[in-house]
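Please keep the sequence and the coordinates at hand while reading.

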Amino acid sequence: GHTASLFPGTNSLNVTDQYTTTSQGNGLDRVTMTSPVLSAASKVLFLVNGIAKKEALKRMLDSSESPDRTPARLVSPNSDIIVLADEELAKDL
């Protein structure tokens, strides 16, 4: 459910007054764009690959899901979001 380097449970999820911020994911320090910057894009595309990401994709598509657990929910552009997923992953969604 992370996007860019916005990971669940990190302070980066709350940064809305900057273009970029620091974060940590998978034990690495990272630099990431903030959710307002990602949301300002004219086109937003999520590429989701692999059956291991099925639960994350379900949570991302669930409007009641908490952005604290699924940061991809923080991305809210003024246009449709395009999701590309492999066939096995998208089956039954």
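Is lysine 91 buried or exposed? Lysine 91 is exposed, with a relative accessible area of 54%, where buried means under 20% relative accessible area, exposed over 50% and partly exposed in between, for a 1.4 Å probe and protein chains only. The model is a predicted one, in which local features need pLDDT of at least 70 and side-chain atom pairs count only at pLDDT 80 or more, while totals for chains, interfaces and linings use all residues. Residues are numbered from 1 along each chain as its sequence is written, and side-chain values use heavy atoms, with hydrogens and water left out.

**Overall layout**

- The chain has three helices and four strands, which are DSSP runs numbered from the N terminus (H or I of at least four residues for helices, E of at least two for strands).
- Along the sequence these elements follow the pattern β-β-α-β-α-β-α.
- The radius of gyration is 13 Å, close to the 12 Å that the globule rule gives for 93 residues, so the chain is as compact as a globular protein of that length; the radius is taken over C-alpha atoms, and the rule is 2.2 Å times the number of residues to the power 0.38.
- Taken along the principal axes, the C-alpha atoms fill a box of roughly 40 × 30 × 20 Å.
- Residues 24 or more positions apart account for 57% of the contacts with a separation of 6 or more, a contact meaning heavy atoms within 4.5 Å.

**Surface and burial**

- Of the 93 residues of the chain, 33% count as buried.
- The accessible surface comes to about 6,100 Å², of which 49% belongs to carbon and sulfur atoms, as computed by the Shrake-Rupley method with a 1.4 Å probe.

**Core and helix packing**

- The largest nonpolar core has 11 residues, among them Leu6, Leu13, Leu38, Phe46 and Leu89; such a core is a set of buried Ala, Val, Leu, Ile, Met, Phe, Trp, Tyr and Cys residues joined through side-chain atoms within 4.5 Å.
- Strand 3 and helix 2 each supply at least two residues of this core, and the largest share, three residues, comes from strand 3.
- Valine 75, which also belongs to this core, is in contact with Thr3, Leu38, Ser39, Val44, Phe46 and Ile81 when its neighbours within four places in sequence are left aside.
- In helix 2 (residues 54-61), the residues Lys54, Ala56, Leu57, Arg59 and Met60 are buried, and the buried residues of this helix pack against strand 3 (44-48), strand 4 (81-85) and helix 3 (87-90).
- Serine 35, in helix 1 (residues 35-39), is buried with a relative accessible area of 8%, and leaving aside its neighbours within four places in sequence, serine 35 is in contact with Leu6 and Leu74.

**Individual positions**

- Lysine 91 lies in the segment after helix 3, and is 37 residues from lysine 54 in sequence and 9.4 Å from lysine 54 in space, C-alpha to C-alpha.
- Most residues other than glycine have a negative phi.
- Alanine 4, in the segment before strand 1 (20-25), has a positive phi near 50°, and this alanine is partly exposed at 41% relative accessible area.
- Asparagine 26, in the loop between strand 1 and strand 2 (28-33), has a positive phi of about 55° and counts as exposed at 68% relative accessibility.
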